[in-house]
Amino acid sequence: MAIAHAPHAKARVAPWNDPVIRGWFFQIVVVGAVALLAWYLVSNTLANLERQKIATGFDYLSREAGFEIGDTLIPYSPASTYARALLVGVLNTLRVAVLGILLATILGTLIGVGRLSPNWLLSRLCEWYVELFRNVPLLLWLFLIYKVISDAFPGPRQAISLLWSSVFLSNRGLYFPVPVAHDVHRWMGVGLLVGIAAAWGIHRWAKARQAATGQPFPSIIAGAAAIVGVPILVWLLGGAPLDFSVPALKGFNFEGGTVIQPEFTALLVGLVVYTSAFVAEIVRSGILALHKGQSEAAYSLGLTRGQAMRLVLLPQALRVIVPPMTSQYLNITKNSSLAIAIGYPDLVASVNVTINQTGQAVENVLIIMAAYLSVSLSISLFMNWYNRQIALKER
Amino acid sequence: MAVRNLDAAPTVIELDQVNKWYGQFHVLTDIDLQVKQSEKIVICGPSGSGKSTLIRCINRLEEHQAGTIAVSVDGRRIELTSDVKNVEAIRKEVGMVFQSFNLFPHLTILDNLTLAPIWVKKMPKKEAEDIAMGLLRRVRIPEQAQKYPGQLSGGQQQRVAIARALCMRPQIMLFDEPTSALDPEMVKEVLDVMIELAGEGMTMLVVTHEMGFARSVADRVIFMDRGEIVEQGPPTEFFANPRNERTRTFLSQILHH
Ligand SMILES: Nc1ncnc2c1ncn2[C@@H]1O[C@H](COP(=O)(O)OP(=O)(O)OP(=O)(O)O)[C@@H](O)[C@H]1O
Ligand SMILES: [Mg+2]
């Protein structure tokens, strides 16, 4: 039986029973309520601030900050503006978050795969790692790691000196020499880009060659050689300038060279070990979620364990792994704000000082929320895009 | 089918007093079995009798604990030990088809077929694809090459699985209930491919309850129960006058429904 409906034959529905009208009604009510609440809060806050003679607006951003920041990626001094102080904080947060995400992914994947190893000792070690690091709060790990770094290593005067007194390890961090700025460095940067392009080319060529002849080519090693080799070549051609700024003890601390500070190290190590334990569990359960037949089919075709893992299991497990992995990446980013507990100058630290000095809490909290929100949303958008790329084709 | 004389053919699989336990459970007991080149063996028996376990021991998806299993590879007798090299050498020669197809869902049909030749045999991609397309034509689905497994019917998926195993040019094929997960109307298309393969001289061990297939293709039918080979013989004899009581009970159950 075919059912043909002419438009006018549609049964009449009372407006309060029509799902479309209902949908609109409730959406308008919700939006209206939210807007009303927001207006009430904002106008109240503004009125209160006015009564207390506290300035509002973002004018303060261009004023001089006047406070010191111990660890900066870009030039900064107390004479810089508040805006720059906040930027230093954002960059420090990004530095620890990006490195943390990279390292936690690599370490977590290795440990997750290791837990599935038929080697009893290896799988037990990986299991203990996971249980140890994920079952103690991150804050405690940060305190512990920071304490170990500052207590286990000697003060600057007794610093452990390595490599003919050019590298110093102390509780002030790891000091090591850096080349003095030179024009050739800019060209080495260009060389690095060329090297990366060459590595990509080698990878393409190696794939084509394997397709044509069946012979695999060690493209990872060759690519790495290109990325490292081209800048070195440029440096040699540029006359191989060998001026280094070497750290040396002056008074109570080192001068010259550059330093990886203990606060940064402690925060990075803490974030990585803690999060990699979760990543390991996500990877392991992603692989376990696959039907056992997948690995059996791969083995029965003659693939080795490693090939089966790389070509058959991990690519499929990715589908299960990516969504919870996104949460872990967001966690690293947000957990990096625990920096304040061990004195690493991240965004929260910059904002805290700024609030104390200017009293403009509302604006600063808005800035910090906007910063975390845009980083988190970027991660989410990227991961969702990636997830769609690897989705399976079903009928 | 007339019983062929296989006595002169070389032995390609040799099981000698093979035993296996799952914990306390004795799943294979004193299995002796010799398979001649291009022999077709059908293995049947009640559920849980150890049929899958037996053929999965031959390519080491399961490990046996006592006795020896040897497979001849290029005329060389290779024994299955914990030596990975031996296991890999044998797996290259032994193809397997599973009840649940086990195609790789993230790869196209063509990539499913070429994966092992490219990575295990280091074959040029073009050559692997030519072989793969030839096999897809043989199993009569060349037009599906660019699709994904999830887009195919069960019967088509199982034919792809057979082609995937054949892509490695194995000398021996193991089938573990290849038609049990299929709708009845798809069983024939898979059996037809297997019959064709048998006609080309492939050595085959097939766990199945398709007694029609056993009658027309098998050189030997093996009946297993509780981990033992209870009875074996050419299909004509096996079906006409089974000697063992357990065989008779089993046959009356599967032939009368
Ligand atoms: N990994 C395992 N651990 C413990 N017992 C197992 C395992 N695999 C199989 N078994 C048991 O071993 C016995 C034989 O299993 P097998 O799969 O070989 O039987 P089968 O003859 O293939 O049965 P079916 O016709 O149901 O496929 C069964 O009783 C099963 O429960
Ligand atoms: Mg079975």
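Trainee: How many salt bridges does the structure hold over all chains, and what makes a pair count as one?

Mentor: This predicted model holds 23 salt bridges over all chains, the term being kept for a side-chain nitrogen of Lys or Arg within 4 Å of a carboxyl oxygen of Asp or Glu. Residues are numbered from 1 along each chain as its sequence is written, while chains are lettered from A and ligands numbered from 1 in the order in which they are written. Because the model is predicted, local features need pLDDT of at least 70 and side-chain atom pairs count only at pLDDT 80 or more, whereas totals for chains, interfaces and linings use all residues, and side-chain values use heavy atoms, without hydrogens and water.

Trainee: Why is the pair Arg134(A) and Glu131(A) called a salt bridge?

Mentor: The closest N and O atoms of Arg134(A) and Glu131(A) are 3.3 Å apart, and the cut-off is 4 Å, so the pair qualifies. The two residues are three apart in helix H3 (residues 120–134) of chain A, which means that about one helical turn separates them; helices here are DSSP runs of H or I with at least four residues, strands are runs of E with at least two, and both are numbered from the N terminus.

Trainee: What makes Thr53(B) a polar contact of ligand 1?

Mentor: An N or O atom in the side chain of Thr53(B) is 2.4 Å from an oxygen atom of ligand 1, and a polar contact is a pair of N or O atoms within 3.5 Å (within protein, one must be able to donate a hydrogen and the other to accept it, and residues adjacent in sequence count only if both atoms are side-chain atoms). A polar side-chain atom of Glu177(B), at 3.2 Å from a ligand 1 oxygen, also meets that limit.

Trainee: Which element gives the largest share of the shell around ligand 1?

Mentor: H1(B) does, with three residues.

Trainee: How do you know how confident the predictor is in chain B?

Mentor: Its confidence in each residue is the pLDDT, from 0 to 100; for chain B the mean is 92, and 98% of the residues reach 70 or more. For the complex, the predictor gives an ipTM of 0.94 and a pTM of 0.78.

Trainee: Where in chain A is Val228(A) placed?

Mentor: Val228(A) is in helix H6, and H6(A) gives six residues, the largest share, to the nonpolar patch.
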